[in-house]
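User: I would like to learn how to read helix packing and aromatic pairs in a model. Please take me through them step by step.

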Amino acid sequence: MEKFRRFYKIGILCAIAASVVVLFMFFADDGAETQFVTYSQFAIMAESGDVARVVLSDGPVVQFYVHNSDIAYETSNPRNPALKENLLLMGIYVTEHNGLSASGLMSGVFSIAIIGGMFFLIIRMIGRSGGKGAMALNVAAADANGVNVGFDHVAGNDEAKEGVQDVVDFIKNPEKYAKYGARMPRGVIFYGPPGTGKTLMAKAIAGEAGVPFFAVSGSDFVQMYVGVGASRVRELFKKARAAGRAVIFIDEIDAVGKTRSGSVQGGNDERDQTLNALLTEMSGFGSGEGIVVIAATNRLDTLDEALLRPGRFDRQVEIGLPDLNGRKSILETHRKNKPLADNINLEELARQTVYFSGAMLENLLNEAAIQAAKSGAGKIGQKEIDTAYYTIIAGSEKKDRSRIKEQERRITAYHEGGHALAAKLLSPENTVPKITIIPSTKGAAGFCVNVPPDKMYFTKTELENQVITLLAGRAAEEAVFGAENITTGASNDIQRANHIIREYVTKFGMSETAGLAELSEDEKRREHHGLMKSLYGRALELVARHRHTLDKIAEALLDKESLCEKELDELIA
């Protein structure tokens, strides 16, 4: 800092000195009395021998003096190359002056002032940033006292917490493990879907161990300048070593740790150098240093194998979507500062939120709180939670529905009725808490919420039933309005159904024709097409067989616009 202060003072003094010199030149030149004459008058005075000295310049005027007078005369500059020669032939003393004009001098002063001001601002910015350069790494560091998060704040990840308990103990007592010759993992990778609490878990490890927490993002190392990312890696590890025991957290590590190209010309020099620097720094840890590197990613399959080998990130902990008990625990955690109504059943809400991440559950209660605050309800009731739930799934309800034609409402009613009918008949273990034909702000003309139970895996029949349920909306349109009147409303259903069939054939090996064999692309397409056609035929058959029930569901939707599960069960019964 002292060096920057010295540079700052020298720069300011130089700017002031330059300004003073330029101003002195300006006022020195303009201090004499001047008188302007026309060029024709100047020519007459020169030919008559009155002119004693002429000062030529590149400016707009020519200055000259007459005999026995201190008055400086000025005339327009003809910019004639022969002028000097003609004046010399007349016996007039000629000098040349290439200095700045008054306007040029003022412009110079103004420019120097701007440069001095910019220099002043740059020095101040450098001083405030503690001498950091533009390429310095922005590390979000928290000391041991600043990490106020522990495992008690992490809900719904019991298996993951069990998997990192020994890491916490190692950070606290590295010598205990060194005594037995044990090498604790230098790196731990948290992987799983977005919003499941990977960052929170890393912070909780630092909080439980009582050590500083250094958090960066993988994108912080990605630069267009070769060598910058590698230097930032070294800077990060240098700070961690200076702190003694610490937790280094690198979020979205796939930004820098993707599999390196095998070709000589196909790689990314900057990213490869950064990854090499990271691998080198991790290999340089001593077994008793008490420093653990934790990384998080949503795509474990894209990471370079060198990162995942023993001695680097040799422990991989999945932080997945919470199960029923985990969702209930997360909801309990986030309800603490929210005035929920007494009739709110969090266990029932947890059952409805299958495939919700921890972040989505927090957002659900937050949206419900916003709805309650807007309406002034006093407490967060079931109405506000239902509104938030369906807003997250399908978007807010459209208020203006005057432009929707009656025929479009009928098509939507039969489409959503087809989904609900198939879900209830084929998957009775699923819940269908709501079916509506009210359009949403996300573009849906209506929706049918089909919530499966928590399952570790699905059977072949269950996958087929999922596809039939997705295709039942289109099948209902065709059965009621004819094949020529099917609509674009099934686009998302078809996309999801194709995804399931693709995995059914290629990933799960459930196709009767292909079995477990590896297929060519043409064979995959044929099998895919045949299976889709077969399951759609079954959807058409289901709708036709229960057409009377489908009509009742559609008419009820046209009348009420929305149905709950109890009303749907009564219609189907």
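**Helix contacts and ring pairs**

Analyst: Start with a contact between two helices. In helix 18, Ala497, Asn498, Ile501, Arg502, Tyr504, Val505 and Thr506 meet Lys524, Glu527, His528, Leu531, Met532 and Leu535 of helix 19. Contact means heavy atoms within 4.5 Å. By class, these residues are seven nonpolar, three polar and three charged. Ala, Val, Leu, Ile, Met, Phe, Trp, Tyr, Cys and Pro count as nonpolar, Asp, Glu, Lys and Arg as charged, and the others, Gly among them, as polar.

User: What should I know about the model and its numbering?

Analyst: The model is predicted: local features need pLDDT of at least 70, side-chain atom pairs count only at pLDDT 80 or more, and totals for chains, interfaces and linings use all residues. Residues are numbered from 1 along each chain as its sequence is written, and side-chain values use heavy atoms, with hydrogens and water left out.

User: At what angle do the axes of helix 18 and helix 19 cross?

Analyst: Axes are lines fitted to C-alpha atoms, for helices over the stretch in contact, and angles run from 0 to 180 degrees between N-to-C directions. Helices (H or I, at least four residues) and strands (E, at least two) are DSSP runs, numbered from the N terminus. Helix 18 (residues 491–506) and helix 19 (residues 521–545) cross at roughly 125 degrees, their axes coming within 10 Å. Helix 18 and helix 19 are therefore oblique to each other. Under 35 degrees is roughly parallel, over 145 roughly antiparallel, 65 to 115 roughly perpendicular, and the rest oblique.

User: How does helix 17 pack with helix 19?

Analyst: The axes of helix 17 (residues 460–481) and helix 19 are 7 Å apart, at an angle of about 60 degrees. Helix 17 is thus oblique to helix 19. Their contact has 13 nonpolar, one polar and four charged residues.

User: How is a pair of aromatic rings described?

Analyst: By the distance of the centres and the angle of the planes. Rings of Phe, Tyr and Trp (its six-membered ring) pair if their centres lie within 6.5 Å; planes under 30 degrees apart are stacked, over 60 edge-to-face, and the rest tilted. The structure holds nine aromatic pairs. Phe170 and Tyr177 have ring centres 6.1 Å apart and planes at 75 degrees, so the pair is edge-to-face. Phe213 and Phe249 have centres 6.0 Å apart and planes at 20 degrees, so this pair is stacked.

User: Are Phe213 and Phe249 buried or exposed?

Analyst: Both Phe213 and Phe249 are buried (under 20% relative accessible area; exposed is over 50%, partly exposed in between; 1.4 Å probe, protein chains only).
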